[in-house]
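Hi,

Here is the structure for you to look over. My notes follow below it.

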Amino acid sequence: MQDLSLFLLDLVQNSIRAGAGLVKIDIHENEKRDWLSIDIADDGRGMDDKTIKMVMDPFYTTRTTRKVGLGIPLFVAAVERCQGNVTIESTAGRGTKLKSGFLLRHVDRPPFGRLDSTVTTLIMCNPGIDFVYCHKTDSGIFTLDTREIREIMGEIPLEHPDVIGWIETYIRDGLKEIDGGVS
Ligand SMILES: Nc1ncnc2c1ncn2[C@@H]1O[C@H](COP(=O)(O)OP(=O)(O)O)[C@@H](O)[C@H]1O
Ligand SMILES: [Mg+2]
(Lines give C-alpha, C1' and ligand atoms only; values in the text may rest on other atoms or scores of the structure.)
(Ligands and ions follow the chains in the order given, each with its own letter.)
Protein backbone atom coordinates (compact mmCIF):
# COMPACT_ATOMS: atom_id res chain seq x y z
CA MET A 1 0.00 0.00 0.00
CA GLN A 2 1.35 3.39 -1.03
CA ASP A 3 1.67 6.08 1.66
CA LEU A 4 -0.36 9.26 1.28
CA SER A 5 2.89 11.25 1.25
CA LEU A 6 3.90 9.41 -1.94
CA PHE A 7 0.58 10.18 -3.57
CA LEU A 8 1.08 13.78 -2.53
CA LEU A 9 4.55 13.83 -4.09
CA ASP A 10 3.13 12.49 -7.31
CA LEU A 11 0.23 14.94 -7.43
CA VAL A 12 2.45 17.93 -6.70
CA GLN A 13 4.81 16.76 -9.46
CA ASN A 14 1.86 17.23 -11.84
CA SER A 15 1.52 20.84 -10.67
CA ILE A 16 5.24 21.39 -11.13
CA ARG A 17 5.21 19.91 -14.63
CA ALA A 18 2.28 22.22 -15.38
CA GLY A 19 4.58 25.18 -14.70
CA ALA A 20 3.12 26.24 -11.35
CA GLY A 21 4.81 29.04 -9.41
CA LEU A 22 2.72 28.46 -6.28
CA VAL A 23 1.41 25.16 -4.97
CA LYS A 24 -0.97 24.99 -2.02
CA ILE A 25 -1.36 21.79 -0.06
CA ASP A 26 -4.24 21.55 2.39
CA ILE A 27 -4.68 18.56 4.64
CA HIS A 28 -7.56 18.38 7.10
CA GLU A 29 -7.87 15.52 9.56
CA ASN A 30 -11.30 15.74 11.11
CA GLU A 31 -11.43 13.11 13.86
CA LYS A 32 -14.92 14.10 14.97
CA ARG A 33 -16.39 13.60 11.52
CA ASP A 34 -14.01 10.73 10.66
CA TRP A 35 -13.03 12.56 7.49
CA LEU A 36 -9.70 13.30 5.85
CA SER A 37 -9.40 15.79 3.04
CA ILE A 38 -6.37 16.47 0.90
CA ASP A 39 -6.53 19.37 -1.55
CA ILE A 40 -3.85 20.59 -3.92
CA ALA A 41 -4.17 23.90 -5.75
CA ASP A 42 -1.74 25.28 -8.29
CA ASP A 43 -1.42 28.20 -10.67
CA GLY A 44 -0.05 26.11 -13.51
CA ARG A 45 -1.31 25.91 -17.06
CA GLY A 46 -4.47 24.03 -16.11
CA MET A 47 -6.51 21.64 -18.20
CA ASP A 48 -9.57 21.89 -20.39
CA ASP A 49 -12.67 19.79 -19.62
CA LYS A 50 -11.77 17.12 -22.14
CA THR A 51 -8.36 16.64 -20.52
CA ILE A 52 -9.87 16.48 -17.00
CA LYS A 53 -12.16 13.67 -18.17
CA MET A 54 -9.28 11.83 -19.76
CA VAL A 55 -7.05 12.32 -16.71
CA MET A 56 -9.43 10.17 -14.66
CA ASP A 57 -8.86 7.44 -17.26
CA PRO A 58 -5.92 5.23 -16.23
CA PHE A 59 -4.49 5.04 -19.74
CA TYR A 60 -4.18 8.74 -20.41
CA THR A 61 -1.03 10.86 -20.09
CA THR A 62 0.47 13.79 -21.96
CA ARG A 63 3.90 12.59 -20.97
CA THR A 64 5.97 10.76 -23.53
CA THR A 65 8.48 9.10 -21.21
CA ARG A 66 5.97 6.58 -19.91
CA LYS A 67 3.01 5.28 -21.86
CA VAL A 68 0.32 5.40 -19.22
CA GLY A 69 -0.40 8.07 -16.65
CA LEU A 70 -1.37 6.39 -13.43
CA GLY A 71 -0.82 9.09 -10.84
CA ILE A 72 -4.34 10.45 -10.58
CA PRO A 73 -6.23 7.20 -11.34
CA LEU A 74 -4.26 5.36 -8.66
CA PHE A 75 -5.02 8.10 -6.16
CA VAL A 76 -8.71 8.06 -7.13
CA ALA A 77 -8.79 4.27 -6.62
CA ALA A 78 -7.18 4.57 -3.18
CA VAL A 79 -9.64 7.32 -2.17
CA GLU A 80 -12.67 5.40 -3.44
CA ARG A 81 -11.61 2.34 -1.44
CA CYS A 82 -12.07 4.58 1.61
CA GLN A 83 -15.57 5.71 0.60
CA GLY A 84 -14.31 9.04 -0.64
CA ASN A 85 -14.17 10.97 -3.85
CA VAL A 86 -11.86 13.17 -5.89
CA THR A 87 -12.83 16.23 -7.90
CA ILE A 88 -10.71 18.30 -10.25
CA GLU A 89 -11.53 21.89 -11.08
CA SER A 90 -9.28 23.48 -13.62
CA THR A 91 -9.18 26.49 -15.88
CA ALA A 92 -6.80 26.39 -18.82
CA GLY A 93 -4.15 29.04 -18.30
CA ARG A 94 -5.07 29.71 -14.68
CA GLY A 95 -4.54 26.62 -12.58
CA THR A 96 -5.91 23.46 -11.12
CA LYS A 97 -7.61 22.46 -7.88
CA LEU A 98 -7.68 18.81 -6.95
CA LYS A 99 -9.89 18.05 -3.99
CA SER A 100 -10.25 14.75 -2.21
CA GLY A 101 -12.04 13.53 0.88
CA PHE A 102 -12.34 10.08 2.43
CA LEU A 103 -12.87 8.21 5.69
CA LEU A 104 -10.01 8.94 8.08
CA ARG A 105 -10.42 5.71 10.01
CA HIS A 106 -11.26 3.39 7.10
CA VAL A 107 -9.23 0.15 7.37
CA ASP A 108 -7.87 0.70 3.86
CA ARG A 109 -6.84 4.31 4.46
CA PRO A 110 -3.14 4.51 3.55
CA PRO A 111 -0.85 5.79 6.31
CA PHE A 112 0.36 9.38 6.01
CA GLY A 113 4.00 8.40 5.63
CA ARG A 114 6.62 11.07 6.20
CA LEU A 115 4.87 14.36 5.46
CA ASP A 116 7.75 16.38 6.97
CA SER A 117 10.42 14.98 4.67
CA THR A 118 8.10 14.88 1.65
CA VAL A 119 7.22 18.57 1.86
CA THR A 120 10.85 19.43 2.64
CA THR A 121 12.01 17.48 -0.42
CA LEU A 122 9.53 19.32 -2.61
CA ILE A 123 10.83 22.67 -1.33
CA MET A 124 14.48 21.64 -1.70
CA CYS A 125 14.11 20.29 -5.24
CA ASN A 126 12.04 23.17 -6.61
CA PRO A 127 13.81 26.44 -5.79
CA GLY A 128 11.66 28.46 -8.20
CA ILE A 129 8.35 27.36 -6.71
CA ASP A 130 6.56 28.56 -3.59
CA PHE A 131 4.62 26.21 -1.37
CA VAL A 132 1.93 26.80 1.20
CA TYR A 133 1.34 23.77 3.37
CA CYS A 134 -1.59 23.89 5.74
CA HIS A 135 -2.41 20.97 8.02
CA LYS A 136 -5.47 21.07 10.23
CA THR A 137 -6.50 18.69 13.01
CA ASP A 138 -9.04 18.88 15.83
CA SER A 139 -6.21 20.27 18.02
CA GLY A 140 -5.04 23.07 15.77
CA ILE A 141 -3.57 24.33 12.51
CA PHE A 142 -0.02 24.20 11.22
CA THR A 143 0.95 26.42 8.29
CA LEU A 144 4.18 26.80 6.38
CA ASP A 145 4.48 29.42 3.63
CA THR A 146 7.79 29.48 1.77
CA ARG A 147 7.13 33.08 0.69
CA GLU A 148 7.30 34.12 4.35
CA ILE A 149 10.46 32.11 4.97
CA ARG A 150 12.09 33.60 1.86
CA GLU A 151 11.35 37.07 3.17
CA ILE A 152 12.96 36.32 6.52
CA MET A 153 15.97 34.61 4.91
CA GLY A 154 16.70 37.46 2.52
CA GLU A 155 19.72 36.49 0.41
CA ILE A 156 20.01 32.97 1.84
CA PRO A 157 18.32 30.47 -0.50
CA LEU A 158 15.81 28.01 0.93
CA GLU A 159 17.87 25.13 -0.52
CA HIS A 160 20.77 26.01 1.80
CA PRO A 161 21.33 22.86 3.91
CA ASP A 162 20.88 24.77 7.18
CA VAL A 163 17.60 26.29 6.02
CA ILE A 164 16.35 22.94 4.69
CA GLY A 165 17.23 21.29 7.98
CA TRP A 166 15.38 23.99 9.85
CA ILE A 167 12.31 23.64 7.60
CA GLU A 168 12.13 19.88 8.15
CA THR A 169 12.36 20.27 11.93
CA TYR A 170 9.82 23.09 11.87
CA ILE A 171 7.31 20.90 10.02
CA ARG A 172 7.97 17.88 12.23
CA ASP A 173 7.53 19.90 15.43
CA GLY A 174 4.52 21.75 14.03
CA LEU A 175 2.74 18.52 13.15
CA LYS A 176 3.62 16.99 16.50
CA GLU A 177 2.06 19.96 18.27
CA ILE A 178 -1.30 19.43 16.58
CA ASP A 179 -1.01 15.62 16.54
CA GLY A 180 -1.08 15.70 12.74
CA GLY A 181 0.00 13.11 10.18
CA VAL A 182 0.62 10.52 12.86
CA SER A 183 -0.43 7.27 11.22
N1 LIG B 1 -2.11 20.01 -11.82
C2 LIG B 1 -2.15 19.77 -13.14
N3 LIG B 1 -2.10 20.79 -14.03
C4 LIG B 1 -2.15 20.56 -15.36
N5 LIG B 1 -2.26 19.33 -15.91
C6 LIG B 1 -2.33 18.27 -15.07
C7 LIG B 1 -2.28 18.44 -13.65
N8 LIG B 1 -2.39 17.21 -13.09
C9 LIG B 1 -2.48 16.34 -14.11
N10 LIG B 1 -2.45 16.96 -15.30
C11 LIG B 1 -2.51 16.31 -16.63
O12 LIG B 1 -3.04 15.02 -16.46
C13 LIG B 1 -2.14 14.02 -16.95
C14 LIG B 1 -2.23 12.75 -16.12
O15 LIG B 1 -1.70 12.93 -14.81
P16 LIG B 1 -1.31 11.65 -13.96
O17 LIG B 1 -2.50 10.78 -13.81
O18 LIG B 1 -0.66 12.10 -12.71
O19 LIG B 1 -0.29 10.87 -14.88
P20 LIG B 1 1.18 11.33 -15.34
O21 LIG B 1 1.67 12.35 -14.34
O22 LIG B 1 1.98 10.06 -15.27
O23 LIG B 1 1.03 11.86 -16.73
C24 LIG B 1 -0.77 14.70 -16.92
O25 LIG B 1 0.11 14.13 -17.87
C26 LIG B 1 -1.14 16.14 -17.25
O27 LIG B 1 -1.29 16.33 -18.64
MG1 LIG C 1 1.41 12.36 -12.24
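The protein chain has six helices and six strands. Helices are DSSP runs of H or I with at least four residues, strands are runs of E with at least two, and both are numbered from the N terminus. From the N terminus on, the order is α-β-β-α-α-β-β-α-β-β-α-α. The radius of gyration, taken over C-alpha atoms, is 16 Å. The globule rule (2.2 Å times the number of residues to the power 0.38) also gives 16 Å for 183 residues, so the chain is as compact as a globular protein of that length.

This is a predicted model: local features need pLDDT of at least 70, side-chain atom pairs count only at pLDDT 80 or more, and totals for chains, interfaces and linings use all residues. Residues are numbered from 1 along each chain as its sequence is written, with chains lettered from A and ligands numbered from 1 in the order in which they are written.

Along the principal axes, the C-alpha atoms fill a box of roughly 45 × 35 × 25 Å. Buried residues make up 29% of the 183. Buried means 20 or more other C-beta atoms within 10 Å of the residue's own, exposed means 12 or fewer, and partly exposed is in between; C-beta atoms are placed from the backbone.

Next, helix α3 (residues 71–81). Its buried residues are Ile 72, Phe 75, Ala 78 and Val 79.

Gln 83 follows α3 and has a positive phi, near 55 degrees. Gln 83 sits in the loop between α3 and β3. It is partly exposed, with 14 other C-beta atoms within 10 Å. Beyond its neighbours within four places in sequence, Gln 83 is in contact (C-beta atoms within 7 Å) with Phe 102, Leu 103 and His 106.

Last, a helix pair. The axes of α4 (residues 115–125) and α6 (residues 161–178) come within 9 Å and cross at roughly 145 degrees. Axes are lines fitted to C-alpha atoms over the stretch in contact, and angles run from 0 to 180 degrees between N-to-C directions. The contact includes Val 119 and Ile 123 of α4 and Ile 167 and Ile 171 of α6.

Regards

Note on methods: Contact = placed C-beta atoms within 7 Å.
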